Amino acid sequence: MTQILDGKALAKTIQAQLTAKVHDWTPQVGRPPGLAVIMVGDNPASAAYVRNKERACDRVGIASFGQKLPGDTPQAYLEGLIAELNADERVDGILLQLPVPQHINDVTLLNTIDPNKDADGLHPVNLGRLVRGEPGLRSCTPLGVMQLLHANGIDIAGKQAVVIGRSILVGKPMALMLLEANATVTVAHSRTHNLSALTRSADIVVSAIGRSHFLTADHIQAGAIVVDVGINRIETSAGQYRLVGDVDYEAVSPIASAITPVPGGVGPMTVTMLLHNTVLSYCQRMPALAHERGTLLS
Ligand SMILES: NC(=O)C1=CN([C@@H]2O[C@H](COP(=O)(O)OP(=O)(O)OC[C@H]3O[C@@H](n4cnc5c(N)ncnc54)[C@H](OP(=O)(O)O)[C@@H]3O)[C@@H](O)[C@H]2O)C=CC1
Ligand SMILES: Nc1nc(=O)c2c([nH]1)NC[C@@H]1CN(c3ccc(C(=O)N[C@@H](CCC(=O)O)C(=O)O)cc3)C=[N+]21
Ligand SMILES: [Mg+2]
């Protein structure tokens with residue numbers, strides 16, 4: 001029997017734990033945790049994720065300081081906005097929704113976010129902490145994948161893991177977190193030769209590419225653990241849109257020992273880890289909660 005790694009259910013459990021803590025801590029601190037999501041332009045997919053994030057914040061008791069800005073907002077304005085949010089005591093987490101329009105330099109912007117408020121874990125200081133194995137704010141999607149594997153009793157140490165994709169948002173931090181958990185990690189990308197031979201030797205395959213039906217039965221060895229990070233919108237014969245991952249789920253799920261569905265797998269965990277990171281940064285910034293540090297996610 002293939003184990004379905006139910007991210008939706010785990011997200012619900014973790015969000016309930018965060019809700020209880022936020023409920024306890026808000027009166028002690030005198031304010032709730034706060035998250036600012038900055039979205040530039042009106043990419044419909046981004047708008048849907050931002051709405052999900054705001055709804056989840058409401059449920060958990062996190063204050064949202066969302067900023068939806070026009071697609072032609074100048075770089076200097078965004079830098080000023082981030083400086084204000086860095087200085088705003090009510091804000092514990094800042095997230096710049098990616099991608100941003102062409103004229104914006106996202107790297108420069110990400111680098112202006114206070115590393116202690118970097119809810120996405122994309123600032124060089126936090127990526128450096130990850131490389132060094134030091135505590136810090138970790139990228140939400142890979143952190144969510146690690147939680148999902150852990151909560152389902154999946155052992156990582158000593159396993160062969162192949163991560164497909166090498167973005168700063170997903171692939172690279174995913175590879176580093178698997179390495180930190182003592183997997184033997186290979187990172188594949190668009191220039192990789194003989195990808196299916198590589199993935200066929202893997203115990204764990206994480207796909208973060210963004211192409212529907214990319215991973216087929218030929219890529220997977222019997223009993224492998226398959227984590228599908230991809231989010232692709234495909235048009236159905238009825239002219240509607242539906243979400244699918246990178247993995248041909250029908251073909252691969254009978255072969256795998258465990259697999260994440262799309263939707264309901266990694267996506268809800270990403271949102272939950274964003275909330276987690278916001279609450280963690282609140283804990284770390286508020287002296288009244290000094291003794292609570294390190295108790296989240298346990
Ligand atoms: N579930 C969730 O919570 C989240 C899902 N996503 C989804 O995950 C996917 C990846 O996101 P992101 O990392 O931001 O995307 P990017 O486009 O930044 O990166 C895609 C990566 O896939 C690699 N790639 C592309 N085509 C191939 C191929 N044919 N063979 C092997 N590798 C390939 C690219 O290689 P190269 O570097 O050589 O170009 C690149 O490293 C997207 O579908 C995105 O929507 C993203 C964030 C969160
Ligand atoms: N700075 C930044 N950080 C991100 O983490 C980030 C980003 N930019 N840009 C876009 C990608 C994509 N992403 C998703 C988050 C949640 C779902 C999610 O909740 N998915 C649900 C379904 C949602 C739906 O139905 O639309 C699921 O898979 O079950 C998906 C994708 C975060 N991203
Ligand atoms: Mg996110």
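**Two ligand shells in a predicted model**

Q: Which residues come closest to ligand 1, and how many surround it?

A: In this predicted model, ligand 1 is surrounded by 24 residues, and the closest are Gly-165, Ser-167, Ser-190, Gly-210 and Thr-270.

Q: What is the make-up of that shell around ligand 1 by class?

A: The shell around ligand 1 has twelve polar, ten nonpolar and two charged residues.

Q: And which element gives the most to it?

A: Helix H10 does, with three residues in the shell around ligand 1.

Q: Moving to ligand 2, which residues come nearest?

A: Tyr-49, Leu-98, Pro-263, Gly-267 and Thr-270 come nearest, out of 19 residues around ligand 2.

Q: Which elements give two or more residues to the shell around ligand 2?

A: They are helix H2 (44-60), strand S5, helix H6 (140-151) and helix H10 (266-285). Of these, H10 gives the most, with four residues.

Q: Which domains does the shell around ligand 2 draw on?

A: It takes at least three residues from domain 1 (27-115) and at least three from domain 2 (140-267).

Q: How many Å separate the centres of those two domains?

A: The centres of domain 1 and domain 2, taken over C-alpha atoms, are 28 Å apart.

Q: What does UniProt place along this chain, say at residues 5-120?

A: An unreviewed UniProt entry gives the feature "domain: Tetrahydrofolate dehydrogenase/cyclohydrolase catalytic" at residues 5-120. In the model, that span is 52% helix and 14% strand, and its end C-alpha atoms lie 23 Å apart.

Q: And at residues 139-284?

A: There the unreviewed entry has "domain: Tetrahydrofolate dehydrogenase/cyclohydrolase NAD(P)-binding". Residues 139-284 are 35% helix and 19% strand, with 17 Å between the end C-alpha atoms.

Q: Back to S5, which contributes to the shell around ligand 2. Are its faces covered or open?

A: Both faces of strand S5 (residues 93-96) are covered. Gly-93 and Leu-95 are buried on one side, and Ile-94 and Leu-96 are buried on the other.

Q: Why would neighbouring residues fall on opposite sides?

A: Because side chains in a regular strand alternate between the two faces of the sheet.

Q: How many bridges join S2 to S5, and do the strands run parallel or antiparallel?

A: Strand S2 (residues 34-40) is joined to S5 by four bridges, and the two run parallel. Within this pairing, Leu-35 stands opposite Gly-93 in S5.

Q: Another topic: is Gln-28 buried or exposed?

A: Gln-28 is exposed, because 10 other C-beta atoms lie within 10 Å, and a residue with 12 or fewer counts as exposed. Gln-28 is found in helix H1 (residues 7-29).

Q: Finally, what about the chain as a whole: how many helices and strands?

A: The protein chain has ten helices and twelve strands. Of its 298 residues, 42% count as buried.

Q: What box do the C-alpha atoms fill, and what is the radius of gyration?

A: The box is roughly 55 × 45 × 40 Å along the principal axes. The radius of gyration is 19 Å, which agrees with the value near 19 Å for a compact globule with 298 residues.

Key
Residues numbered from 1 in each chain as written. Chains lettered and ligands numbered in written order. Predicted model: local features only at pLDDT ≥ 70, side-chain atom pairs only at ≥ 80, totals over all residues. Buried ≥ 20, exposed ≤ 12 C-beta atoms within 10 Å, placed from the backbone. Pairing = 2+ DSSP bridges. Near = placed C-beta within 6 Å. Domains from an automatic or database assignment. UniProt positions renumbered as here; feature names shortened; annotations may be inferred. Nonpolar A, V, L, I, M, F, W, Y, C, P; charged D, E, K, R; others polar. Rg over C-alpha atoms; globule rule 2.2 N^0.38 Å.
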